[in-house]
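Dear colleague,

I am handing over the structure we spoke about, and it is shown just below. After it you will find my notes on what turned up when I went through it.

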Amino acid sequence: MDKLEQMDEPLVGLDYVTEFQNEDPDIEEHYVCNLCESKCDPRTLMTHVIGSKHRLSYLKEHHPDMAAMTLQNKKRSEQSIALAEFVRQAVKQDGQKEVKVKMELNPFYNPKEREKEKRKREEQRRKQEEANAA
């Protein structure tokens, strides 16, 4: 999500995106866009929210007149230009929202036990390296 905050491009529909974090830090967060019914990971979220499908879905939902004008263009390049301009206008009118964050709790996750297992594996690795060196 840090990459979204650093983007220079106007972003719409972030309030439709939910970030699911796991209490286990070894499990990567994932995202769901309820506007487009899409699932993303940290590597694909940025391309999703700046993509034409997401932007057009937002305009259809909140600014149907802008969406209709975008689709009047026959060439895809002209649609992209119109879409970018209408997104800028939409952000000026609606403001840029934020991604919702939810924590997923895992009843089997025990941070103390995880740390204990990690130390045990490191000790075994160290002993193996010593044995290999001898």
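Let me begin with His-48, which, once its neighbours within four places in sequence are left aside, is in contact with Cys-33, Cys-36, Ser-38, Cys-40 and His-54. Please keep in mind throughout that this is a predicted model. His-48 belongs to helix α2, which covers residues 45–49, and with a relative accessible area of 14% this histidine is buried, since the cut-off for that word is under 20%.

Glu-37 is a contrasting case, as its relative accessibility of 75% makes it count as exposed. Glu-37 sits in the loop between β2 (30–33) and β3 (38–40), and its phi is near 55 degrees, which is a positive value in a residue other than glycine.

The remaining notes concern the helices. The axes of α3 (residues 52–62) and α4 (residues 64–72) come within 5 Å of each other and cross at roughly 135 degrees, and the two helices are therefore oblique to each other. On the α3 side the contact involves Leu-56, Leu-59, Lys-60 and His-62, and these meet Pro-64, Met-66, Ala-67, Thr-70 and Leu-71 of α4. Sorted by class, the contact of α3 with α4 comprises 6 nonpolar, 2 polar and 1 charged residues.

Which residues of α4 are buried? They are Met-66, Ala-67 and Thr-70, and, seen down the axis of α4, the buried residues fall within an arc of 100 degrees, so they line one face of the helix. These buried residues pack against α3 and also against α5, which spans 76–94.

That brings me to the pairing of α4 with α5, whose axes come within 8 Å and cross at roughly 165 degrees, which makes α4 roughly antiparallel to α5, given that angles over 145 degrees count as such. The crossing of these two helices is right-handed. From α4 the contact is made by Met-66, Met-69, Thr-70 and Leu-71, while α5 contributes Gln-79, Ala-82, Leu-83, Phe-86, Gln-89, Ala-90 and Gln-93. By class, the contact of α4 with α5 has 7 nonpolar and 4 polar residues, and no charged ones.

Technical notes. Residues numbered from 1 in each chain as written. Predicted model: local features only at pLDDT ≥ 70, side-chain atom pairs only at ≥ 80, totals over all residues. Heavy atoms only, no water. Axes fitted to C-alpha atoms, helices over the stretch in contact; angles between N-to-C directions. Helix = DSSP H or I, 4+ residues; strand = E, 2+ residues; numbered from the N terminus. Parallel < 35°, antiparallel > 145°, perpendicular 65-115°, else oblique. Contact = heavy atoms within 4.5 Å. Nonpolar A, V, L, I, M, F, W, Y, C, P; charged D, E, K, R; others polar. Buried < 20%, exposed > 50% of the residue type's maximum accessible area, 1.4 Å probe, protein only. Arc of directions from axis to C-beta. Left-handed = near helix turned anticlockwise from the far one by under 90°.
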